[in-house]
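I opened this entry to keep a record of what I looked up, in the order in which I looked it up.

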Amino acid sequence: MREYKIAAIPGDGIGPEVISAGLQVLETLAEQDGGFKLSVERFPWSSDYYLERGYYIPTDGLERLKQFDAIFFGAVGALNVPDHVSLWGLRLPIAQGFDQYANVRPARVLPGVRSPLVNGKDIDWVIIRENSEGEYAGNGGRTHRGLPIETATETSVFTRAGVERIHRFAFELAAKRPRKHLTLVTKSNAQRFGMVMWDEIFFEVANDYPDVTTDRELVDAVTTRMVLKPQTLDVVVATNLHADILSDLAAALSGSLGIAPTANLNPERVFPSMFEPIHGSAFDITGKGIANPVATFWTAAMMLEHLGEKAAADRLMAAIEQITAAGVFTPDLGGTATTASVTEAVCKALAQQVKKAA
Ligand code: ATP
């Protein structure tokens, strides 16, 4: 029996609701499969935990997480903690501490889901976000607080090693997709140093991937292309900040933030990778039982694939698509289903698959 150790960090807001739903579906899958087992440990690290103790992650926290095969993360962010404190307190220390430099964000309009675009069915993208440096390197400072000469700097950091490894990751992924097309997103017209190096290294790496076609697009222009010509994009590689923004747009164009998954990968597998829905804490719907768990289910499928359980991942995606096609939607997608009823529907679809196969 293959056994995987999963660290679940539900976090804040709707995080605990969707992570519980995700774990229920994963449990069902493992039971039905019979070939693998998940041993899950829940970590209570959240903004409430921080407000009680003054820290999100205990001193030995990363050391403890290192023992796991994967991290299943909900959301972080609370109304009574500044966003930069919660983000730098929980999510970023894990992503940076475990060198999860490749953030993978697939976007596709699932069956039955209505995209705000007329040609939404053409969306089939994977956005690769550089996840370890760039604009979110944490390099800066603030002096002379409160004085008229108060100064703040926030310097982007681009290293050859960091840029090369993310471009190589993007080319590897693009090479495995049917269309084999990779778009470089940049802003090298206005930013003459880091972004110019970002472009140069992309085209150096491109020489190693003659089968992958490429193009280069400014970040502002790519937003219009996503909306007007979605069919022209396949894999997109962008910096930490650019991809952060583009993937929210991609999620909205795919129907809802409640659907979009993401994986923070340490491709060399020295450290565990982290899987999370793109959405945040969503305070407006917290505790109402109507959070869409589909993003977390899709996230769980990405986690299973990373763990080597491709068949289970495919079964889970098929079950998700079966219930979206049947119109089992939470209110964000225009339906009246609840987190619990969508979860039940997916578990039922999984059970039907087993019956059909028998
Ligand atoms: P963050 O800054 O952490 O990314 P945010 O405040 O920008 O978070 P979210 O918390 O993701 O954004 O919420 C944005 C909107 O999308 C809210 O109206 C929220 O209710 C909705 N939303 C987000 N996730 C879901 C979900 N899983 N199901 C239903 N609606 C969702």
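**Annotated span and ground rules**

I began with residues 5-346, whose end C-alpha atoms lie 23 Å apart and which are 40% helix and 20% strand; helices (H or I, at least four residues) and strands (E, at least two) are DSSP runs numbered from the N terminus. For this span I found the UniProt record, an unreviewed entry, listing "domain: Isopropylmalate dehydrogenase-like", and I keep in mind that UniProt positions are given in the numbering used here, that feature names are shortened and that annotations may be inferred rather than shown by experiment.

I note that this is a predicted model, in which local features need pLDDT of at least 70 and side-chain atom pairs count only at pLDDT 80 or more, while totals for chains, interfaces and linings use all residues. Residues are numbered from 1 along each chain as its sequence is written, and side-chain values use heavy atoms, with hydrogens and water left out.

**Ligand surroundings**

Which residues are around the ligand? I listed Ile14, Leu257, Gly258, His279, Gly280, Ser281, Ala282, Asp284, Ile285, Ala291, Asn292 and Asp332, a residue being near a molecule if one of its heavy atoms lies within 4 Å of it. By class the shell has five nonpolar, five polar and two charged residues, where Ala, Val, Leu, Ile, Met, Phe, Trp, Tyr, Cys and Pro count as nonpolar, Asp, Glu, Lys and Arg as charged, and the others, Gly among them, as polar.

I then went through polar contacts (pairs of N or O atoms within 3.5 Å; within protein, one must be able to donate a hydrogen and the other to accept it, and residues adjacent in sequence count only if both atoms are side-chain atoms). A polar side-chain atom of Asp284 lies 2.8 Å from an oxygen atom of the ligand, and one of His279 lies 3.3 Å from a ligand nitrogen atom. From Asn292, a backbone N or O atom lies 2.9 Å from a nitrogen atom of the ligand. The ligand taken alone exposes 620 Å², of which the protein buries 61%; accessible areas come from the Shrake-Rupley method with a 1.4 Å probe, and for residues only the protein chains shown count as cover.

I placed Asn292 in the loop between strand 12 and helix 9 (294-307). Is Asn292 buried or exposed? Asn292 is buried, with a relative accessible area of 5% (buried means under 20%, exposed over 50%, partly exposed in between, with a 1.4 Å probe and protein chains only). A polar atom of the Asn292 side chain lies 3.0 Å from the backbone nitrogen of Val294.

Ala282 is in the loop between strand 12 and helix 9, is partly exposed at a relative accessible area of 26%, and has a positive phi of about 50° although it is not a glycine. I also noted Arg269, in the loop between strand 11 (261-265) and strand 12, with a positive phi of about 60° although it is not a glycine.

**Strand 3 and its partners**

Strand 3 (residues 70-75) is mostly covered, with six of its six residues buried. Strand 3 pairs in the parallel sense with strand 1 (residues 2-11) over five bridges and with strand 12 (residues 273-277) over three bridges, pairing here requiring at least two DSSP bridges. Ala7 stands opposite Ile71 in strand 3, and Ala70 has Ser273 in strand 12 as its bridge partner.
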